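Here is a short briefing on a predicted model. It covers the nonpolar cores first, then the strand pairing.

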Amino acid sequence: MAGRFAPRPTPAVVRVGGTGVPRQAAAPGKVRVYVPDGPLELGLVLGPLRRGPGDPTYRTMPDGSVWRASRTPAGPGTLHLTARGGEVRGEAWGPGAEWLLERLPRLLGADDDPSAFVPRHRLLALTGHRRPGLRLTRTGLVLESLIPSILEQKVTTLEAYQAWRVLVRKFGEPAPGPAPGGMCVMPGARTWAMIPSWEWHLAGVDDKRASTVLRAVRVAARLEEAAGMAPAAAQERLELVSGIGPWTSAETVQRSHGAPDAVTVGDLHLPGIVGFALGGDRYADDSVMLRLLEPYAGQRHRAARLVLLSGRVPGRRAPRMAPRGIERL
């Protein structure tokens, strides 16, 4: 879906929280040029950070460049990335600009080692050969991956994407700099904690998921510390929060840590996709998936990503699950 939607013209006024906030003329941003040590496909590396085609924090442009709005430890920041001639140019604005540029190589997979992956299946070998630009991103930010992952628990992706979009646009703030119209930085921990219960319902979020987000943001500082831990230790810390289990913690550290072995268990579709691609078993469960991925110990998340990129997925045998629409209750 990345790049499918044409960018909207930047409006003179960006509406956040129901009020008009004039967008100031942006000064030139701070720039850093990064030269990766191998092939790098920008959309492929950063794609997991995009929560649906209407994600207010992420925008792909027709020229292939990517805009991201993040809440860093130094404050809000906007990052614009353009790949040209074997190098990536990053330009950033806002209080978090220096933080974003300092960690630009990690965001683009500099800490990732694709050579550690040894394919044991022909399908994965061919997919890796066709998509050599796959690197595992590492944002170094926990909450910005944790909160949307919580919103994705036990619901359709359409419901989760809508909830993230509604909440960020209503309670976030305009992205610094000359970001495309409608881009926002997600709310800070205190703002998440102050969202009224009816606003969660209007966004389609049930009490269980909303309560999990509230418990997480109350210990936001401790959770953000997990960005400096090993992925397994970070998952253990995240799972100390009631409502965060192995599925949510894995989805988080895959993005915050670039964890190559954080395979997602408890997913409705992934076991069947991996089972079908690697073993011809469309009805595989987590135990079968983990057995098939056992030869890739240490690189199981990368193996699952390659399976998804291969396009070898079982055909549908039932209609897509319909959204529940709890906001109508």
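The largest nonpolar core holds 33 residues. Leu146, Trp192 and Trp200 have the most contacts inside this core.

**Cores**
- Which residues does Trp200 touch, leaving aside its neighbours within four places in sequence? Trp200 is in contact with Leu151, Leu167, Trp192, Ile195, Val205, Ala210, Val213 and Leu214.
- Another core, of 20 residues, lies apart from the largest one. Its members include Tyr34, Val45, Ala92 and Ala97.

- Strand β7 spans residues 87-93. Five of its seven residues are buried, so β7 is largely enclosed by the rest of the structure.
- In a regular strand, side chains alternate between the two faces of the sheet.

**Pairing with β3**
- Strand β3 (residues 30-34) runs antiparallel to β7, and five bridges join them.
- Tyr34 stands opposite Val88 of β7. Tyr34 is also among the residues of the 20-residue core.

**Pairing with β6**
- Strand β6 (residues 75-84) pairs with β7 over seven bridges, in the antiparallel sense.
- Thr82 has Arg89 in β7 as its bridge partner.
- β6 and β7 form a hairpin, with two residues between them. Gly85 lies in the turn and has a positive phi of about 55 degrees.

Technical notes:
Residues are numbered from 1 along each chain as its sequence is written. This is a predicted model: local features need pLDDT of at least 70, side-chain atom pairs count only at pLDDT 80 or more; totals for chains, interfaces and linings use all residues. Side-chain values use heavy atoms; hydrogens and water are left out. A nonpolar core is a set of buried Ala, Val, Leu, Ile, Met, Phe, Trp, Tyr and Cys residues joined through side-chain atoms within 4.5 Å. Buried means under 20% relative accessible area, exposed over 50%, partly exposed in between (1.4 Å probe, protein chains only). Contact means heavy atoms within 4.5 Å. Helices (H or I, at least four residues) and strands (E, at least two) are DSSP runs, numbered from the N terminus. Two strands pair if DSSP finds at least two bridges between them.
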